[in-house]
Amino acid sequence: QVQLVESGGGLVQPGGSLRLSCAASRSIFSINFMGWYRQAPGKERELVATITSGGTISHADSVKGRFTISRDIAKNTVYLQMNSLKPEDTAVYYCNARTGEGFYWGQGTQVTVSS
């Protein structure tokens, strides 16, 4: 099993930045994929970005050039740096881990972009 704890959400003005963190309970080298999803009110959960155990990254088209996923292996932590935030980025952001045993989710962190 993997426990995931997100942090870093909050209220930010349009054009601002936030960095989300996702701390895993075990080495992220042993986790095939880690990623960030988001779910806005009334919408389905959507994939934002992923990073594999080998370090390959991918971002959704809607966030390319603005969001960056990264990791600190020593801290077993994955980050999502979010710049140039827009009101449409408002959502609950969830950390996800995929291993041979299954899918795991964090509790989510709220990001609100509003003036």
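Which residues are linked in a network of salt bridges? R38, E46, R66 and D89 are the residues linked in this way. The legends below belong to close-up views of a predicted model.

**View 1. The salt bridge between R66 and D89.** The closest N and O atoms of R66 and D89 are 2.7 Å apart, and the two residues form a salt bridge. R66 sits in the loop between β6 (57-59) and β7 (67-72), while D89 sits in the loop between β8 (77-82) and β9, so the pair ties together parts that are 23 residues apart in sequence. Both R66 and D89 are buried. The two residues also belong to the network that includes R38 and E46. Side chains of opposite charge can pair when their charged atoms come close.

**View 2. The salt bridge between R26 and E101.** In this salt bridge the side chains of R26 and E101 meet at 3.7 Å, N to O. The pair links distant parts of the chain, 75 residues apart. R26 is in the loop between β3 (18-24) and β4 (33-39), and E101 is in the loop between β9 (91-98) and β10 (103-105). Is E101 buried or exposed? E101 is exposed because its relative accessible area, 56%, is over 50%. R26, at 21% relative accessibility, counts as partly exposed.

View 3. K64 forms a salt bridge with D61, and their closest N and O atoms are 3.2 Å apart. D61 counts as exposed, with 65% relative accessibility. In total, the count of salt bridges in the model comes to five. G65 lies in the loop between β6 and β7. At 84% relative accessibility, G65 counts as exposed. The C-alpha atoms of G65 and M82 are separated by 9.6 Å, and the two residues are 17 residues apart along the chain.

**View 4. Strand β9 and its partner strands.** How many bridges join β4 to β9? There are seven, and the two strands run antiparallel. Within β9, C95 stands opposite W36. Strand β11 (residues 109-113) is joined to β9 by three bridges, also in an antiparallel arrangement. The bridge partner of A91 in β11 is V111. Three bridges join β9 to β10, and these strands run antiparallel. N96 stands opposite W105 in β10. Six of the eight residues of β9 are buried, so the strand is largely enclosed by the rest of the structure.

**View 5. The hairpin of β9 and β10.** Four residues lie between the two strands of this hairpin. G102 takes a positive phi near 155° there. E101, the salt-bridge partner of R26, is in the loop between β9 and β10.

**View 6. The largest nonpolar core.** This core has 30 residues, and L4, M34, W36, L80, M82 and Y93 touch the most other members. At least two core residues come from each of β3, β4, β5 (46-52), β7, β8, β9 and β11. In soluble globular proteins, nonpolar side chains tend to be buried together.

**View 7. The surroundings of L4.** Which residues is L4 in contact with, leaving aside its neighbours within four places in sequence? L4 is in contact with C22, A23, A24, M34, C95, N96, A97, Y104, W105, G106 and Q107. Among these contacts, M34 is also one of the core residues that touch the most other members. C95, another contact of L4, stands opposite W36.

Technical notes. Residues numbered from 1 in each chain as written. Predicted model: local features only at pLDDT ≥ 70, side-chain atom pairs only at ≥ 80, totals over all residues. Heavy atoms only, no water. Salt bridge = Lys/Arg side-chain N within 4 Å of Asp/Glu carboxyl O. Buried < 20%, exposed > 50% of the residue type's maximum accessible area, 1.4 Å probe, protein only. Pairing = 2+ DSSP bridges. Core = buried A, V, L, I, M, F, W, Y, C linked by side-chain atoms within 4.5 Å. Contact = heavy atoms within 4.5 Å.
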